[in-house]
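Subject: Structure handover

Hello,

Here is the structure I promised to pass on to you. Please have a look at it first, and then read on for what turned up.

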Amino acid sequence: MNHSERLAAFVALGHHLTQLPDEEITELAYRTRNQNPWFDRPNVAAAIKGIAHLLQEEPLRQWAARYRPEPTTPRQIGVVMAGNIPLVGFHDLLCVLLSGHTLLAKLSKDDTFLMRWISSELVRLEPRFAERLQFVERLNAADAFIATGSDNTSRYFEYYFGKKPNIIRRNRTSLAIITGRESEHDLGLLGADIFRYYGLGCRNVSKLYVPAGYNFKELLDSLAPWHHVLEHNRYQNNYDYNKSILLVNRVPHFDSGFLLVTENAQLVSPISVLHYSQYTSEVDLVDQLTDVAAQTQCLVSSGGLYPGSFPLGRAQEPGIADYADGVDTMAFLAELA
C-alpha cells in the first residue's frame, strides 16, 4: 500500500463510524461493558464519535501532508496501549499505520474488545492492513516503542525499551482556569471536561484554578445536569467513600450531591472529587501553571481565551495534531532510520 491508499482507508473508516446504527453502538457497549464496567454506552458512543471526528478527510489529509509519506525503511513499532478510556490507543494505531510502519500492539486488558473491533473494521475496509496490524503479548521484535502508562510503569518501560527509539508517556491530567466572569452556560460546558468517561482520562479536568475568594455556588448549580453519573454504581461507591474520608478528616469541601470540591495542591484528584487552588493575580496564575506544566495534558478556559487552552467543554475533543504529552508521534515515526 502506498500513502494515498492508507489514507483513503482511514477516511473510509471515519465515514463508516459516522453511519453506525444506534443498535450496533448499543451492542458494542454491552459487550465491552462486560469487560470493563466503566465503558458504558454514552462513553463508548462518545469515543466512537471522537474517532470519526479525527478521521474527517480534509483535516486528516492536511495533517498527513506535514510528514514524509513513506518511511525510509519500514519498522516494527511496539505500542503499549492504555485502557483508561474507550479506544484511547487508536491515535497511536493511526500514526503507526499511516506512516507506513507495522504495528505490534500490546493491548490493555481494560480495552481489548473495542480495539480489536475497530481494527477489524479497518482491515475489512482495507484487507492489506492485516499484515501490518498485529496484536502481541511480547514486544521483543519491535524496532521502536511507544508506551503509555503511569509514573511507576514508565520506569519499567525505560528499563526495557530505553535502548531503542521510544516515546514513553507518564501520568498527566488536565486543568481548568476559572476567572469568575463565566456565564452559567460556560460553567455548564465544564461538566463534559470533568465527567466524560467518569473522569478517568488524562484529558479530564481534575483541578480548577480559581480567583481568591471564588463563590462555587454558580459552578455547582451549573454542573447539576451531570448528576446522572451517580447512577453508575462504581462512581457512587467512589463518591460515598471520598465523602466519608473528607468528613472523618474534617476537610473543608463543597458537596453537590455527586461531586466533592476541595482545596488541594495535588493535581490528580480521586474519582468524584475535584481539587482547586486559588490565585491572587494573573502573574500568580501563570507562576502556578508553569510549576505544573510538565504534569499537564491540557488546559481549558472560557472560549479558549487563555493562551494554549481549549474552550470549556472541549478537553475530550482533541484535534488530530493534539498529541499526548505534546510529543509529535508522527515526527518520531518519520525520523526512524
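Let me start with the charged pairs: searching the whole structure gives 13 salt bridges. Please keep in mind that this is a predicted model. I will go through some of the pairs before turning to the helices and the surface.

Are the two partners buried or exposed? Aspartate 92 has a relative accessibility of 6%, so it counts as buried, the cut-off being under 20%. Arginine 169 is buried as well, because its relative accessible area is 7%.

Another salt bridge joins lysine 106 and glutamate 137, where the closest N and O atoms are 3.3 Å apart. This pair also links distant parts of the chain: lysine 106 sits in strand β2 (residues 102-106), while glutamate 137 is in the loop between β3 (133-135) and β4 (144-148), 31 residues apart. Here lysine 106 is partly exposed, at 27% relative accessibility, and glutamate 137 is exposed, with a relative accessible area of 62%.

Lysine 109 and aspartate 110 bring their side chains together in a further salt bridge, at 3.5 Å from N to O. Of these two, lysine 109 counts as exposed, with 66% relative accessibility, and aspartate 110 is partly exposed at 28%.

How many of the residues of α5 are buried? Nine of the nine are, so the helix is largely enclosed by the rest of the structure. Among these buried residues are Phe90, His91, Cys95 and Leu98, along with Asp92 itself. After α5 comes glycine 100, which has a positive phi, near 95°.

Leu98 also comes up in the surroundings of histidine 3. Apart from neighbours within four places in sequence, histidine 3 is in contact with Leu98, Ala64, Pro69 and Glu70. Histidine 3 lies in helix α1 (residues 3-18) and counts as buried because its relative accessibility is 14%.

The packing of α1 may interest you too. Two packed helices are described by the angle between their axes and the distance between the axes. For α1 and helix α4 (residues 57-64), the angle is about 145° and the axes are 10 Å apart. The crossing of α1 past α4 is right-handed. On the α1 side, the contact is made by His3, Leu7, Phe10 and Val11, and on the α4 side by Glu57, Leu60, Arg61 and Ala64.

Finally, the surface. Which residues form a nonpolar patch there? Tyr156, Tyr159 and Tyr160 do, and together they have about 430 Å² of accessible area. Tyrosine 159 is part of helix α7 (residues 151-161). With a relative accessible area of 64%, tyrosine 159 is exposed, because the cut-off for that is over 50%.

Best wishes

Key: Residues are numbered from 1 along each chain as its sequence is written. This is a predicted model: local features need pLDDT of at least 70, side-chain atom pairs count only at pLDDT 80 or more; totals for chains, interfaces and linings use all residues. Side-chain values use heavy atoms; hydrogens and water are left out. Patches are made of residues with over 30% relative accessible area and no salt bridge: like charges are joined within 9 Å, nonpolar side chains (Val, Leu, Ile, Met, Phe, Trp, Tyr) within 5 Å. Accessible areas come from the Shrake-Rupley method with a 1.4 Å probe; for residues, only the protein chains shown count as cover. A salt bridge is a side-chain nitrogen of Lys or Arg within 4 Å of a carboxyl oxygen of Asp or Glu. Helices (H or I, at least four residues) and strands (E, at least two) are DSSP runs, numbered from the N terminus. Buried means under 20% relative accessible area, exposed over 50%, partly exposed in between (1.4 Å probe, protein chains only). Contact means heavy atoms within 4.5 Å. Axes are lines fitted to C-alpha atoms, for helices over the stretch in contact, and angles run from 0 to 180 degrees between N-to-C directions. A crossing is left-handed if the near helix is turned anticlockwise from the far one by less than a right angle, and right-handed if clockwise.
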